[in-house]
Amino acid sequence: MKSIQRQLSIGLIAMLLVVGLLLAQTSVWLFDKSLRSYLQSGLEDEAQTLLLALVRGPEGILLDSTRLSASYQRPYSGHYFRIDAPGQTWRSRSLWDSELKPSSTPGLQQALGDGPQAQKLLTYRGDYQRFGKPLSIYVAEDYTPVLKSVRRVQQIGLAMGIAALFVLLLLQRWLVHRALRPLEQTRKQIAQLQQGQRAELDNEVPEELLPLVGQINHLLAHTEETLKRSRNALGNLGHAMKTPLAVLFSLASREELVQLPEIRKNLEDQLEQIEQRMGRELGRARLAGDVLPGAYFDCDRELPSLVSTLAMIHRRDINLQWHAKPGLRLARDREDVLELLGNLLDNACKWANSQVELRIETTAQGYCIWVDDDGPGIAEEKRSEVLSRGIRLDEQVSGHGLGLGIVRDIVEAWGGSIELEQSDLGGLRVQITLPIRPHI
Amino acid sequence: MRLLLVEDHVPLADELVASLSRQGYAVDWLADGRDAASQGAVEPYDLVILDLGLPGKPGLEVLQEWRAAGLSMPVLVLTARGSWSERIEGLKAGADDYMSKPFHPEELQLRIQSLLRRAHGLANQSHIEAAGLRLDESRQCVHRGDDEVDLTAAEFRLLRYFMLHPGRILSKSHLADHLYDGESERDSNVIEVHVNHLRRKLGRDAIETRRGQGYRFTGDMA
């Protein structure tokens, strides 16, 4: 997963490094260049002074050492010269035992020459005519102190650059964090949405985010609306089909047909098949499954009315208890959960002698639902058979069995699992494990 | 027992009216929710069978209106919408029982019988029993000890009403209100005749006459 923060940081670092290095290098280069051209004029002056120090002597040209600056006398002073005349060469005393190498081109030398004691020399060569003879005068100056100070400037620059980069990064992190806060908020809201803690996203977001949030909200509303509409349509369809079916059931039990038991039996069987199939398919089509992220089931609010409904339907003295942590919300569609629990409890009430217990708990992986009864239970070897019954409708025993078909459909739509076990109460325990909704 | 059936699907209503009449109930049939709301509030029905998907006014609203007006007759909701969330809504609105369509006629019959027994304080009995008599509603006869006494349809209707209200003084007009539907002729002499028939079968003192007040079922076998 790419993080915007990280990407921005990497981009900023790269950009600052390139620009900073380029800037530093250019300024060093410019500094060096201007210093050299400044030193060049000094060296030119020196060369001319040297030229004037050459005097005509009795045996040709002589260098008048009295006219030379003292720094040419002191060894390794950093100021050196060399004068090449045809057949004659003068060297400054300061060179001592080292050599100032002649160069091929006149003017300031691009490359720094090697001097004594690892000095780097900036060298100027001037070509002159004196006393009718061509002369090449080399004047050199130790450039090492300049190099040193340049390096120092570079070091200071680097340190300041790194510090600036660090500060900028921190600043950028803070800015980005600030700018992305609405995004983070939206992310949190989406998480809440998935846990069923809110129904839609907050619309108070920056305009860049508004289309996204608006679209998500629109999709949520649309999905909910579609679900409602299709449930309504299914309800209407069911109504349209089931009422005539009720008429047919009534007709099939008419007095006249009592005389024709075979036809009556056949009729009733077929009608029952239609009813079963229709009920199952309509029930399955009503399921919301996982499509509605904002849906939730509020245990405290829904369970009491479900329990009293069951008590009214069964009317026997069944002690129906439910246990769920106060405020527990299942992040699932309300109608789906009601359908699941209603069928499970209805079933348990049918078989129980006197006691039915519902427990809902949250676990690390999601939710766990137990429905226990103290009825006859199901023998261990028959449990898997009971569960697999209802995979195919025509295998179902009509009107009997556990009515687990729709329960299985719901659990499957949720990606959960269902198991039948021995209950502590003595009867059957149905255990359903549901995963927490997978994060998008 | 006088029942109100509110159902807009005519073939089903026809079937139900026919089968309920065979079981000795006086049945009024209405198809519109608004009519049901007003008529149910006026006529003394012993039980109402209410469809939820009604023209005019939804069944749940009709039910809520009745309950808000303090009417406490048992109401059996009959609906094709059988999901649990809808059942809960129905019972919250004040229904006493809930049946999803399609249903077996026998089951409806049993539910009606048990609702009526419950409404008259006989919640945990599977038969109507009063003063040593046991009424067999499916065969429309009455047992006294080991003896079985056959009844005509009219006698069965009358005796069932008496046995659900043992010890209470019931006037002739009250009996007529609960034994005949809204459309049949009411002749109090007919009731007198049936009371006499019952006395002949069960004993003179089983039903006593309170002059100017009406009849009272004592079940006295003397």
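Analyst: Please do. One convention at the outset: helices (H or I, at least four residues) and strands (E, at least two) are DSSP runs, numbered from the N terminus. Please also note that this is a predicted model.

User: Noted. Where is A:Phe131 found, then?

Analyst: A:Phe131 sits in the loop between E7 and strand E8 (133-142) of chain A. Its phi is near 50°, a positive value in a residue other than glycine.

User: Is A:Phe131 buried or exposed?

Analyst: A:Phe131 is exposed, because 11 other C-beta atoms lie within 10 Å and the cut-off for exposed is 12 or fewer.

User: And phi of A:Ala118, what is the value?

Analyst: Phi of A:Ala118 is near 60°, again positive in a residue other than glycine. This residue belongs to the loop between strand E6 (113-114) and strand E7 (120-130) of chain A. A:Ala118 is exposed, with 7 other C-beta atoms within 10 Å. As background, most residues other than glycine have a negative phi, and most peptide bonds are trans.

User: Which peptide bond is cis in chain B?

Analyst: The bond from B:Lys101 to B:Pro102 is cis, with omega near -10°. B:Pro102 is placed in the loop between E5 and helix H5 (105-119) of chain B.

User: Staying with chain B, in what order do the five strands form the sheet?

Analyst: The order is E2-E1-E3-E4-E5 in an open sheet of chain B, with parallel pairing. Strand E2 (26-30) and strand E5 (97-100) of chain B are at the edges with a single partner strand each, so one side of each has no neighbour in the sheet. On average, neighbouring strands are turned by 20° against each other, direction ignored.

User: How many bridges join E1 to E3 there?

Analyst: Four bridges connect strand E1 (residues 2-6) of chain B with strand E3 (residues 47-51) of chain B, and the two run parallel. B:Leu3 is opposite B:Leu47 in E3(B). Helix H2 (residues 33-42) of chain B packs on the sheet, where it touches E1, E2 and E3 of chain B. The direction of H2(B) makes about 145° with that of E2(B).

User: Now the contact between the chains. How many residues does it take from each?

Analyst: The contact takes 24 residues from chain A and 23 residues from chain B. On the side of chain A, the elements giving two or more residues are helix H3 (210-252), helix H5 (261-286), helix H6 (299-314) and helix H7 (334-351). H3(A) provides the largest share, 11 residues. By type, that side of chain A divides into nine nonpolar, nine polar and six charged residues.

User: At what angle do the axes of H7(A) and H4 of chain B cross?

Analyst: They cross at roughly 85° and come within 8 Å, H4 of chain B being residues 84-92. H7(A) is therefore roughly perpendicular to H4(B). A:Arg334, A:Glu335, A:Leu338, A:Glu339 and A:Gly342 in H7(A) meet B:Trp84, B:Ser85 and B:Ile88 in H4(B). The residues of this contact divide into three nonpolar, two polar and three charged.

User: Last topic: which residues are buried in helix H9 of chain A?

Analyst: In H9(A), residues 405-413, A:Gly405, A:Ile406, A:Val407, A:Asp409 and A:Ile410 are buried. Their cover includes H5, H7 and strand E14 (417-422) of chain A. After H9(A) comes A:Gly415, with a positive phi near 75°.

Methods
Residues numbered from 1 in each chain as written. Chains lettered and ligands numbered in written order. Predicted model: local features only at pLDDT ≥ 70, side-chain atom pairs only at ≥ 80, totals over all residues. Pairing = 2+ DSSP bridges. Axes fitted to C-alpha atoms, helices over the stretch in contact; angles between N-to-C directions. Contact = placed C-beta atoms within 7 Å. Nonpolar A, V, L, I, M, F, W, Y, C, P; charged D, E, K, R; others polar. Parallel < 35°, antiparallel > 145°, perpendicular 65-115°, else oblique. Buried ≥ 20, exposed ≤ 12 C-beta atoms within 10 Å, placed from the backbone.
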